[in-house]
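Visitor: I am new to protein models. Could you walk me through this one, a question at a time?

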Amino acid sequence: MTLVVDNKWGSETQPGPRHVAIIMDGNGRWASERRLPRVEGHRRGVEAVRRVVEASRDLGITHLTLFSFSSENWSRPAEEIKDLFGLLRRFIRRDLADLHKNGVRIRIIGSRTNLDDDIQRMLDDAVELTKENTALNLTIAFNYGSRNEITRAAARIAQDVKAGTLAPDDVTEELFGSYLDTDSLPDPDLLIRTSGELRLSNFLLWQLAYAEFVFVDTYWPDFNKTHFEEAIAEFQRRNRRFGGRTVRSTA
């Protein structure tokens with residue numbers, strides 16, 4: 001499946017973001033305020049994922065990266081982790097065919113440590129099935145922590161230097177980036193975090209160096225296309241200089 005979508009949102013003077021990264025936060029508080037079990041918040045959060053993926057295609061976003069499960073989330077109660085993994089299994093089984101049909105390419109970043117074998121197989125199958133799609137690059141940060149990603153990259157570089165396949169003088173920002181999980185992906189232009197929290201929570205610390213940040217008070221289960229468009233409109237009001245005087249895009 002190969003679809004080509006033009007960026008419908010931006011203009012030459014006010015370019016829209018090509019790559020949007022989202023910290024999906026607030027599922028638990030959404031449920032708590034409604035006196036519902038936390039799993040209900042996570043279930044509604046999956047529905048929000050579907051809305052945002054569809055909206056991304058409508059708005060001409062070419063890359064969407066979602067922070068799904070952090071390497072720090074293992075500290076949550078075992079029952080909640082079980083529920084989260086159950087939702088992931090159901091999401092892949094229910095939505096993978098539609099994502100593929102709509103030209104969505106799926107990529108997974110993060111560590112495979114501690115993941116059940118069936119989860120790893122499902123993730124690998126989703127990546128393999130959709131690898132030729134081009135309408136939207138959907139990257140799922142699962143069991144992901146940016147410090148862990150950077151540490152793993154540094155360790156691989158050190159191993160290559162030790163093995164003699166890489167010289168220390170060859171280590172540049174570009175080469176270092178090629179050792180990260182996000183190799184070949186453009187850096188995000190826009191980061192959105194829901195729920196009103198104002199921090200990165202160990203998400204894409206390297207890749208977000210020049211991204212614009214937009215924090216919204218809405219809990220993730222309530223996030224919709226209107227919120228997405230408002231965040232993009234805020235992005236367009238920013239003047240991106242990347243440390244210089246000329247506005248440019250990373251896409």
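Predicted model: local features only at pLDDT ≥ 70, side-chain atom pairs only at ≥ 80, totals over all residues.

Visitor: At what angle do the axes of helix 3 and helix 4 cross?
Guide: Helices here are DSSP runs of H or I with at least four residues, strands are runs of E with at least two, and both are numbered from the N terminus. Axes are lines fitted to C-alpha atoms, for helices over the stretch in contact, and angles run from 0 to 180 degrees between N-to-C directions. Helix 3 covers residues 78-101 and helix 4 covers residues 117-129. Their axes come within 11 Å, and the crossing angle is roughly 15°.

Visitor: How are helix 3 and helix 4 oriented to each other?
Guide: Angles under 35 degrees count as roughly parallel, over 145 as roughly antiparallel, 65 to 115 as roughly perpendicular and the rest as oblique. Helix 3 and helix 4 are therefore roughly parallel.

Visitor: Which residues of helix 4 make the contact with helix 3?
Guide: Contact means heavy atoms within 4.5 Å. Helix 3 brings F85, L88, R89, I92, R93, L96 and H100. Helix 4 answers with D118, I119, M122, L123, A126 and L129.

Visitor: How are helix 2 and helix 7 oriented to each other?
Guide: Helix 2 spans residues 38-59 and helix 7 spans residues 225-237. Their axes lie 10 Å apart, at an angle of about 50°. The two helices are therefore oblique.

Visitor: Which residues of helix 7 meet helix 2?
Guide: On helix 2, look for V52, A55, S56, D58 and L59. On helix 7, their partners are K225, F228, E229 and I232.

Visitor: What is the radius of gyration of the protein chain?
Guide: The chain has seven helices and six strands. The radius of gyration is taken over C-alpha atoms, and the globule rule is 2.2 Å times the number of residues to the power 0.38. For 251 residues the rule gives 18 Å, and the chain is close to that, so it is as compact as a globular protein of that length. Its radius of gyration is 18 Å.

Visitor: Is R35 buried or exposed?
Guide: R35 sits in the loop between helix 1 (27-33) and helix 2. It has a positive phi of about 55°, although it is not a glycine. Buried means under 20% relative accessible area, exposed over 50%, and partly exposed in between (1.4 Å probe, protein chains only). At 82%, R35 is exposed.

Visitor: And S195, buried or exposed?
Guide: S195 is in the loop between strand 5 and strand 6. Its phi is also positive, near 85°. With a relative accessible area of 8%, S195 is buried.

Visitor: Which residues is A211 in contact with, leaving aside its neighbours within four places in sequence?
Guide: A211 is found in the loop between strand 5 (190-193) and strand 6 (212-215). Its relative accessible area is 12%, so A211 is buried. Its contacts are P188, D189, L190 and R240.

Methods:
Residues numbered from 1 in each chain as written. Heavy atoms only, no water.
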